[in-house]
Amino acid sequence: MPEPSSNPIVAAGNISNPRKPVTVPDFLSARSRGVKLTVLTAYDYTFAKLLDSAGVDALLVGDSLGMVVQGHDTSLTVTLEEMIYHTHLVARGTEHALIIADMPFMSFQVSAQQALANAGRLVKEGFAHAVKLEGGRRTADAIRAITAADIPVMGHVGLTPQSVHRFGGFRVQRDAEHLMDDALAVQEAGAFSLVLECVPSETAAKITSRLRIPTIGIGAGPSCDGQVLVAHDMLGLFEEIRPRFVKRYAELGQAIGQAVEEYCREVRAGKYPGPEHGFK
Ligand code: KIV
């Protein structure tokens with residue numbers, strides 16, 4: 001097995017041209033090439049540009065934006081129009097990452113036809129390359145309808161945040177047999193990858209070894225084929241919930257607080273703007 005490349009763009013399979021866009025086939029071949037996939041959430045142009053330039057393989061326009069951008073307690077209120085808007089902003093800042101748009105609550109549950117029509121809007125109006133749907137066996141019909149129209153689908157099982165009220169909170173999902181059945185149903189319906197959220201590492205390892213499609217873990221241990229995190233969590237920008245599985249790679253919230261305090265001090269003291277900031 002080849003050594004995993006330290007360059008994530010090359011890692012996604014574009015050795016001859018490091019700036020070539022990451023594709024669904026790159027995801028599907030990642031395991032056989034011995035590379036781990038990297039996914040982060042993005043909701044706007046500036047973040048998309050920063051994360052894309054740093055070499056992340058895929059940007060997920062997650063409905064987590066309901067919490068980290070809009071300030072709600074759950075993602076349930078996010079609308080399809082909002083997802084299209086944010087996906088479009090992310091697309092403007094992205095050159096090579098695969099753009100995956102979340103299908104928000106009630107945009108795919110009513111019927112497979114409704115799911116297909118709404119997935120189509122995320123691609124046509126939002127410029128998504130793929131969509132993500134939460135749920136296992138119960139979403140199989142929707143996944144089949146969407147993939148039949150050649151729109152790639154990422155599945156999502158385990159702690160599906162749109163089910164928060166049924167779960168009674170954001171809780172680790174431990175029913176290994178149920179999770180395996182859901183994962184297999186998503187794969188058989190035609191998904192190209194599967195998010196496993198908050199499941200025990202051992203269960204995630206078993207599901208990963210049973211599936212042909214790559215698993216992307218979040219709170220699911222190291223055996224998954226890739227990892228996804230909410231960018232606001234790993235960059236230290238979101239304080240309300242601090243899940244145990246998040247590693248904070250930066251403390252940008254603190255850095256922003258310090259910068260703003262300094263700005264306020266300097267303006268109040270007459271130190272900013274200085275002569276170099278003015279026009280002659
Ligand atoms: O909405 C989201 O950001 C997600 C990830 C946490 C996987 O679904």
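## Buried or exposed: a starting point

A residue counts as buried when its relative accessible area is under 20%, as exposed when that value is over 50%, and as partly exposed in between. Cys 198 has a relative accessibility of 9%, so this residue counts as buried. Please keep in mind, as you look around, that this is a predicted model.

## Two residues with positive phi

You will find Cys 198 in the loop that links strand 6 (193-197) with helix 10 (201-210). Its backbone deserves a look as well: phi of Cys 198 is near 50°, a positive value in a residue other than glycine.

Met 106 also has a positive phi, of about 70°, although Met 106 is not a glycine. This residue belongs to the loop between strand 3 (98-102) and helix 6 (112-124). Is Met 106 buried or partly exposed? With a relative accessible area of 42%, Met 106 is partly exposed, because that value lies between the 20% and 50% limits.

## The ligand and its surroundings

Now turn to the ligand, which sits in the largest pocket. Which residues surround the ligand? They are Thr 41, Leu 60, Gly 62, Asp 63, Ser 64, Asp 102, Lys 132, His 156, Ile 218 and Val 230. Sorted by class, this shell has three nonpolar, four polar and three charged residues.

Several side chains in the shell reach oxygen atoms of the ligand. For Ser 64, a polar side-chain atom lies 2.5 Å from an oxygen atom of the ligand. For Lys 132, an N or O atom in the side chain is 2.9 Å from a ligand oxygen. For Asp 63, a polar side-chain atom lies 3.1 Å from an oxygen atom of the ligand. As for cover, the ligand on its own has 260 Å² of accessible area, and the protein covers 96% of it.

## Ile 218, a member of the shell

Ile 218 is one of the residues around the ligand, and its place in the chain is strand 7 (residues 215-218). Its relative accessibility is 9%, so Ile 218 counts as buried.

Leu 80 lies in helix 5 (residues 80-92). At 13% relative accessibility, Leu 80 is under the 20% limit and therefore counts as buried. How many residues apart in sequence are Leu 80 and Asn 118? The answer is 38, while in space their C-alpha atoms are 7.6 Å apart.

Ser 111 is found in the loop between strand 3 and helix 6, and Met 106 lies in the loop between these elements too. Ser 111 is partly exposed, with a relative accessible area of 30%. A polar atom of the Ser 111 side chain lies 2.9 Å from the backbone nitrogen of Gln 114. Ser 111 and Ala 42 are 69 residues apart along the chain, and their C-alpha atoms are separated by 28 Å.

## Toward the later part of the chain

Phe 245 lies in the loop between helix 11 (231-234) and helix 12. Its relative accessibility of 29% falls between the two limits, so Phe 245 counts as partly exposed. Along the chain, Phe 245 and Arg 210 are 35 residues apart, and 24 Å separates their C-alpha atoms.

One last stop is the segment after helix 12 (252-268), where Pro 273 is found. The peptide bond from Tyr 272 to Pro 273 is cis, with omega near 0°.

How values were computed: Residues numbered from 1 in each chain as written. Predicted model: local features only at pLDDT ≥ 70, side-chain atom pairs only at ≥ 80, totals over all residues. Heavy atoms only, no water. Near = heavy atom within 4 Å. Polar contact = N/O pair within 3.5 Å; in protein donor to acceptor, adjacent residues only side chain to side chain. Areas by Shrake-Rupley, 256 points an atom, 1.4 Å probe, with all protein chains shown as cover. 1 Å grid on protein atoms, 1.4 Å probe; cavity = no way out; pocket = protein on both sides within 12 Å on 5 of 7 lines; lining within 4 Å. Sits in = over half its atoms within 2 Å of the grid points. Nonpolar A, V, L, I, M, F, W, Y, C, P; charged D, E, K, R; others polar. Helix = DSSP H or I, 4+ residues; strand = E, 2+ residues; numbered from the N terminus. Buried < 20%, exposed > 50% of the residue type's maximum accessible area, 1.4 Å probe, protein only.
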